[in-house]
Amino acid sequence: MLSGLGALTAAAILTGCDSQPDTTKLAETKVDAAAKLKATKAAKVKKAAQVRANELGQIPVLMFHRIVPKPQTTDDRSPQQFKADLERLVREDYVPITAAEMVAGKIDIPAGKHPVVLTFDDSSPSQLTLNQMGEPQKDTAVAIMKEVADAHPGWKPKGTFYVTRDMFGKTVREEQAQMLLWLKDNGHEIGNHTSDHLNLRGRSHKEVEDQIGKIAAQINALSYTKPTTIALPYGNQPNKKDWAMRGKLYNHQGAFLAGYTPAPAPFSKSYDAAGIPRIKAMDKKGDCAQFCSHAWLDWLKKNPDMRYTSDGDPRTVAYPKYKAPYLRKSFTTWSLPY
């Protein structure tokens, strides 16, 4: 027994001499984790530099209205013009995101690509009409978007549709629900455009809340969706900007205007959630020679350092080091300068 006990004691002593204390193992684990984290960040920085990522750059938010064979106003686009607009975006490496994704900072697109937001005002039947089989009618906006996406794998047919009580020309509740649910089920965003498309400037707080809240409640009742963005009719803000953002029946993360420039990135100090600019979709004619989509897309192409370019990782905000002063402090932990 003594001999056996001695052997066990010796084995225990030897084992104890060969093993490391738990504190030593923990320290080594922390060192390994830190080294891996450093290597991972270095790889991300290298990738961001390779694609010249600039996630503090500007984002074109394009504003469409009717898509009709014979445009009657400068807000209208023909099906051919609209398709050409989308195909240009494909050629120039733009990938659609929704307005809700933009304002939330959830910009998840491939490295080297540029986000674009496609917005549609007034809930026109030319944007969305479904046939008896529940499929989009030919030459409507959603049908053309799907056609372009089918021809270019990886390009997503995403749009933000700003709805009024006209509801794509439908008056029957079941038909209205069918339209909104189709948008929701197919990856599009349903936004608020007020009930009656009234100019909110100069109206009382109650009038503003009624116009925005009424359609918000209708959208929610029909599609179980609470809009997170609003497009202000005529681009006019109410007397107090916050009235459009928050009310008894709504809580928006972003309010969109009617024009003239590309929008600041949500990570940029110049970003104003209550007044996000959009660009009218039109050729270079008249005022649009400088201030509409063709002109601004030309400008962004000629000035790539001003355009938002993704690093491919939605969890980081990558940008050249010299742009560091433009980063909003709330995104410091996301920061990836190179």
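This is a predicted model: local features need pLDDT of at least 70, side-chain atom pairs count only at pLDDT 80 or more; totals for chains, interfaces and linings use all residues.
Local features were considered at pLDDT of at least 70 and side-chain atom pairs at pLDDT 80 or more, whereas totals for chains, interfaces and linings use all residues. Residues are numbered from 1 along each chain as its sequence is written, and side-chain values rest on heavy atoms, with hydrogens and water left out.

The protein chain contains 10 helices and 12 strands, where helices (H or I, at least four residues) and strands (E, at least two) are DSSP runs numbered from the N terminus. Along the principal axes, the C-alpha atoms fill a box of roughly 105 × 45 × 45 Å.

Of the 338 residues, 46% are buried, with buried defined as under 20% relative accessible area, exposed as over 50% and partly exposed as in between (1.4 Å probe, protein chains only). Among contacts (heavy atoms within 4.5 Å) with a separation of 6 or more, 67% link residues 24 or more positions apart. The chain exposes about 17400 Å², of which carbon and sulfur atoms supply 55%, as computed by the Shrake-Rupley method with a 1.4 Å probe.

The structure holds 11 aromatic pairs, a pair being rings of Phe, Tyr and Trp (its six-membered ring) whose centres lie within 6.5 Å, with planes under 30 degrees apart counted as stacked, over 60 as edge-to-face and the rest as tilted. One of these, Y260 with F291, is tilted, at 5.0 Å centre to centre and 50° between the planes. Because Y260 lies in the loop between β9 (254-256) and β10 (279-280) and F291 in helix α9 (residues 288-291), this pair ties together parts that are 31 residues apart in sequence. F291 is partly exposed, with a relative accessibility of 32%. Elsewhere, F64, F82, F120, F161 and F168 form one aromatic cluster.

Positive phi values in residues other than glycine were found at S123, where phi is near 45°, and at Y234, where phi is near 65°. S123 is placed in the loop between β3 (114-121) and α5 (141-151) and is buried at 1% relative accessibility. Y234, in the loop between β6 (229-231) and α8 (242-245), is exposed, with a relative accessible area of 53%.
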